[in-house]
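Here is a short report on one protein chain.

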Amino acid sequence: MPRHSTDQNTSRRPMRQDRLIRERIHDPYKLRQKLPEPTRCPRCGAVFEKGRWAWSRVPVTGAHEELCQACHRIEDDYPAGEVHVRGAYVSDHKDEIVGLMRNIEQAENAEHPLNRIMRIDETDEGLVVKTTDIHLPHAIGHALNDAWDGELAVHYDEEGYFARVEWRRDA
């Protein structure tokens, strides 16, 4: 028996045979189609090959050029993650904290070129770190907590593709 009526006297609409599938995670910087390989980012030099962005050890010639997602986010000033570092401890140990965050960024970025710190802003309450991805804030927050204890809170907005990490130490 058909799932909808073909009788013109009925006021019922035919039932949809397909399902409207909604995207769970909305990342406006996610690639919508596969890039030609190789593709080189003209800003940072990362190369898209074998389905992912990586640092190339040899110069790539004749490659298609397109901004990688990290450079695009930096250009648009549209972070995917934030780390809020607060408390009295921060002002006395700012250089050490920033050094640790930069070391974490360097380690992550060596393997994942799209994981970068966009900038570190100083506020009245401490530091705000903006990142190009959602994984780096998590790594930074846990590294801060492992090094100096404190209070750590991690929040993910899965639908908005955004991570917010808060670390606080007062003494």
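Buried means under 20% relative accessible area, exposed means over 50%, and partly exposed lies in between (1.4 Å probe, protein chains only). By that rule Y89 and W148 are both buried. The model is predicted: local features need pLDDT of at least 70, side-chain atom pairs count only at pLDDT 80 or more, and totals for chains, interfaces and linings use all residues. Residues are numbered from 1 along each chain as its sequence is written, and side-chain values use heavy atoms, with hydrogens and water left out.

**Aromatic pairs**

A pair of aromatic rings is described by the distance of the centres and the angle of the planes. Rings of Phe, Tyr and Trp (its six-membered ring) pair if their centres lie within 6.5 Å; planes under 30 degrees apart count as stacked, over 60 as edge-to-face and the rest as tilted. The count comes to four aromatic pairs. Two of them involve Y89, as tabulated here.

| Pair | Centre to centre | Angle between planes | Class |
|---|---|---|---|
| Y89 and W148 | 6.1 Å | 50° | tilted |
| Y89 and W167 | 6.5 Å | 80° | edge-to-face |

Helices (H or I, at least four residues) and strands (E, at least two) are DSSP runs, numbered from the N terminus. Y89 lies in helix 2 (residues 88-92) and W148 in helix 4 (residues 135-148), so their pair ties together parts that are 59 residues apart in sequence. Ring pairs join Y89, W148 and W167 into a cluster.

Y89 counts as buried at 9% relative accessibility. W167 is buried too, with a relative accessible area of 1%. The charged end of R169 sits over the ring of Y89, 4.0 Å from its centre. The rule here is NZ of Lys or CZ of Arg within 6 Å of the ring centre and within 35 degrees of the ring normal.

Strand 5 (residues 81-86) has six of its six residues buried. Both faces are covered: G81, V83 and V85 on one side, E82, H84 and R86 on the other. Two strands pair if DSSP finds at least two bridges between them. Strand 5 pairs with strand 7 (residues 126-131) in the antiparallel sense over six bridges. In that pairing, R86 stands opposite G126. Strand 5 also pairs with strand 9, in the parallel sense, over six bridges. There, V85 has W167 as its bridge partner.

Four strands form an open sheet in the order 3-2-1-4, with mixed pairing. Strand 3 (52-54) and strand 4 (64-65) stand at the edges, each with a single partner strand, so one side of each is left without a neighbour in the sheet. Strand 1 (residues 39-40) and strand 2 (residues 47-49) run antiparallel and are joined by two bridges. T39 has F48 as its bridge partner in strand 2.

**Two single residues**

R73 lies in helix 1 (residues 69-76). R73 is buried, with a relative accessible area of 2%. A polar atom of its side chain lies 2.9 Å from the backbone oxygen of Y78. Contact means heavy atoms within 4.5 Å. Leaving aside neighbours within four places in sequence, the contacts of R73 include D27, Y29, M118 and Y161.

A153 lies in strand 8 (residues 151-157). A153 is partly exposed, at 26% relative accessible area. Leaving aside neighbours within four places in sequence, A153 is in contact with R164, V165 and E166.

How values were computed: A polar contact is a pair of N or O atoms within 3.5 Å; within protein, one must be able to donate a hydrogen and the other to accept it, and residues adjacent in sequence count only if both atoms are side-chain atoms.
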